[in-house]
Amino acid sequence: MPNPDHLALLDQGRDAWNAWRQANPDLPPQLRSARLEGRDLSGFDLHDAYLRRAHLKGAHLDGCKLREANLSGADLEGASLVQAEMAGANLRAAKMQGADLSGADLKSAILVSTDLSHAKLNGAQVYGIAAWEVKLDGTEQRDLLVTRPDQPRITTDDLEVAQFIYVLLNHKKLRDVFNTTTQRGVLILGRFGGGGLEVLQAVADSLRQHGLLPIIFDFERPRQRNYTETVITLAGLCSFVIVDLSGPSVPQELQAIVAATLRMPLVPIVEEGRKPAAMLADFQELDYFLGPPIRFNGIPALVAQIPERAIAPAQAWLEQRRNKLKSIDGS
């Protein structure tokens, strides 16, 4: 419940409230579950305020100081927070559908499971935000400022992209990991039953010996993504793909990679005595499908062919593509 004395101070207006805050800067306002629907709180100093589950639907908070305020679970549907100072605010699971946060300072704010559907974030400062599972249906997101005021100005039009750019700019180790994955990563797709997993693991061992980073798709399906989406994501992070087509289990994922226009070398392998997927003929028409398939009878025979039949042609194709792109850029 809110502190009744603090509610009474709010009722006295902005000047009285801000004077009290100035005199008591270390006393956080206790406004948990306060019913403040439609209130005009523009310019109020609410930094460090405890507003968890507060009712602020349609409230006017323009220019309000909400630094480090706890608004987790608060209802801010349709509220106006234009130019509000919200650096470090906790907005976890806050309901902010249709809220106007144009130009708001959201630096280092916590936006976890926050509902910003149809809200306005245009021009907001989003440096250092934590944005996870945010609802952004119909949200306006133009010119989000990714960098600090003392850094070169970088803007983008997507909150989650802004967070990703921030991470890449400020975490060299992560940039190195990302570059390593895209340059050395090799996605290995195939069947796991009937000895299939042993085949993929043998391919992975061979790749490691040549300084590459194998990624085997062998884990539980993520709760909110199907297999196809996960494969596309992983493929986009790798330099090429080795795919075991010794059965019917992989073509759907391979077709998804092709449909997603991820132009990257695809190296097929097929075990002798097994009927390859029927779509093999269609895949062979692609210039980046490096067929004919590597045929093998036993793991040693396969491993012996990986350097010359998989790694070398894939790297040659990538080098040729890089040179082609350079020539286009230089024309």
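You'll find aspartate 105 in the loop between helix 2 and strand 1 (110–112). Leaving out residues up to four places away in sequence, aspartate 105 touches Ala84, Glu85, Met86, Ala87 and Gln125; contact here means heavy atoms within 4.5 Å.

Before going further, keep in mind that this is a predicted model, in which local features need pLDDT of at least 70, side-chain atom pairs count only at pLDDT 80 or more, and totals for chains, interfaces and linings use all residues. Residues are numbered from 1 along each chain as its sequence is written, and side-chain values use heavy atoms, with hydrogens and water left out.

So how much confidence comes with the model? On pLDDT, the predictor's confidence in each residue from 0 to 100, the protein chain has a mean of 87, and 89% of its residues reach 70 or more. Helix 2 (residues 14–23) has the highest confidence, at 96, while helix 4 (residues 172–184) has the lowest, at a mean of 68. Helices (H or I, at least four residues) and strands (E, at least two) are DSSP runs, numbered from the N terminus. Over residues 219–223, pLDDT stays under 50, and the model has 6 contacts for them beyond four places in sequence. Where pLDDT is low, the predicted coordinates should not be read in detail.

Now for the inside. The largest nonpolar core has 51 residues, and Leu71, Leu76, Leu81, Met86, Leu101, Leu106 and Leu159 touch the most other members. Such a core is a set of buried Ala, Val, Leu, Ile, Met, Phe, Trp, Tyr and Cys residues joined through side-chain atoms within 4.5 Å. Helix 1 (4–11), helix 2 and helix 3 (159–170) each supply at least two residues of this core, with the largest share, 3 residues, coming from helix 3. Another core lies apart from it, with 43 residues, including Leu187, Phe240, Ile311 and Trp317.

Strand 7 (residues 240–244) pairs with strand 8 (residues 266–271) in the parallel sense over 4 bridges, and valine 243 stands opposite proline 268 in strand 8.

How values were computed. Pairing = 2+ DSSP bridges. Buried < 20%, exposed > 50% of the residue type's maximum accessible area, 1.4 Å probe, protein only.
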